[in-house]
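This report describes the fold of a single model, from its sheet and helices to a few individual residues. The sequence and structure are shown first.

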Amino acid sequence: MVAGVPERGEPVVVELGAGTGAFTSAIQRRLAGRGRHVVVELNDRFAAGIARAYPSVEVIRDDAVRLPRLLAGLGIGPGTVDVVVSGLPWIAYAGQPPLVESVARVLSPAGVYTQFAYTWTRWAPPARRLVEGLRGAFEEVVTSTTVWRNLPPAVVHLARRPHPQPPA
């Protein structure tokens, strides 16, 4: 999930739906004090827990569908984010504007978006719509092999090089 986080430089990493912080911890280790790490978490309790556990992380308690506006409030403009890591469920992708478009709008031209999904749900209509949305918004979409060590087993969708998005 965090392989796209650059090992050098000062990357901007945005994490959607941090929950209890499983990916947050891995991102923080990979950044090792470099760059910016912004978490967008809708749940008050989870947001507060992330803010307490990771004081260097900028936590926004809001809906990720408003991502471009939320990041603009932090001085992070469209097309400047290096990596977006998401553990959000499908329901998050049903909003307006579509979340995949919001993610594509904030990513740099070389940006990487990773989305976690459970293997057993890959054939359900919402999962297929998510992958179709990724393919429409990005030049390249790759789905990992099943990660059997995860319980339940999961895959990671990795999307690179967002297509230009119309103005919001």
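## Accessibility and residue Q165

In what follows, a residue is called buried under 20% relative accessible area, exposed over 50%, and partly exposed in between. The model is predicted. Because its relative accessibility is 21%, Q165 counts as partly exposed.

Q165 lies in the segment after β7 (154-162). Leaving aside neighbours within four places in sequence, Q165 is in contact with E101, A104, R105 and A137.

Strands of a sheet pair through backbone hydrogen bonds, either parallel or antiparallel. Here 7 strands form an open sheet with mixed pairing, in the order β3-β2-β1-β4-β5-β7-β6. Its edges are β3 (58-60) and β6, each of which pairs on one side only. On average, and with direction ignored, neighbouring strands are turned by 15 degrees against each other.

Within this sheet, β1 and β4 pair in the parallel sense over 4 bridges. V14 has V84 of β4 as its bridge partner.

## Helix α4 on the sheet

Helix α4 packs on the sheet and touches β1, β4, β5, β6 and β7; the direction of α4 makes about 145 degrees with that of β5. This helix is mostly covered, with 7 of its 8 residues buried. The buried residues of α4 are L99, V100, S102, V103, A104, R105 and V106. Two of them, A104 and R105, are also among the contacts of Q165.

Helix α5 has 13 residues and reaches 18 Å from its first C-alpha to its last, close to the 18 Å expected at 1.5 Å a residue. Its buried residues include A127, L130, V131, L134 and A137. Seen down the axis of α5, the buried residues fall within an arc of 135 degrees, and therefore they line one face of the helix. An α-helix has 3.6 residues a turn, so residues three or four places apart point the same way.

The buried residues of α5 pack against α4, β5, β6 and β7. The face of α5 turned away from this buried side carries the exposed residues R129, E132, R135 and G136.

## Nonpolar cores

In soluble globular proteins, nonpolar side chains tend to be buried together. Which residues of the largest nonpolar core touch the most other members? Of its 28 residues, these are V14, L16, V81, V84, V103, Y113 and F138. At least two residues of this core are supplied by each of β1 (12-16), β2 (36-40), α3 (67-72), β4 (81-86), α4 (99-106), β5 (107-118), α5 (125-137) and β6 (138-143). The largest share, 5 residues, comes from α4.

V84 illustrates how these elements meet. Not counting residues up to four places away in sequence, V84 touches V14, L16, V103, V106, L107, V112, Y113 and T114. Among these contacts is V14, which is also the bridge partner of V84. A second, separate core of 8 residues includes V5, I27, L31 and V83.

## The loop between β6 and β7

T146 is found in the loop between β6 and β7. Is T146 buried or exposed? With a relative accessible area of 18%, T146 is buried. Not counting residues up to four places away in sequence, T146 touches T119, R122, P153, A154 and V155.

P152 also has its place in the loop between β6 and β7. The peptide bond from L151 to P152 is cis, with omega near -5 degrees.

Most residues other than glycine have a negative phi, and most peptide bonds are trans. A32 is not a glycine, yet has a positive phi of about 50 degrees. A32 is placed in the loop between α1 (22-31) and β2, and it counts as exposed because its relative accessibility is 63%.

R161, likewise not a glycine, has a positive phi of about 55 degrees. R161 lies in strand β7 and counts as partly exposed at 32% relative accessibility.

Conventions. Residues numbered from 1 in each chain as written. Predicted model: local features only at pLDDT ≥ 70, side-chain atom pairs only at ≥ 80, totals over all residues. Heavy atoms only, no water. Buried < 20%, exposed > 50% of the residue type's maximum accessible area, 1.4 Å probe, protein only. Contact = heavy atoms within 4.5 Å. Core = buried A, V, L, I, M, F, W, Y, C linked by side-chain atoms within 4.5 Å. Pairing = 2+ DSSP bridges. Axes fitted to C-alpha atoms, helices over the stretch in contact; angles between N-to-C directions. Expected span 1.5 Å × (residues − 1). Arc of directions from axis to C-beta.
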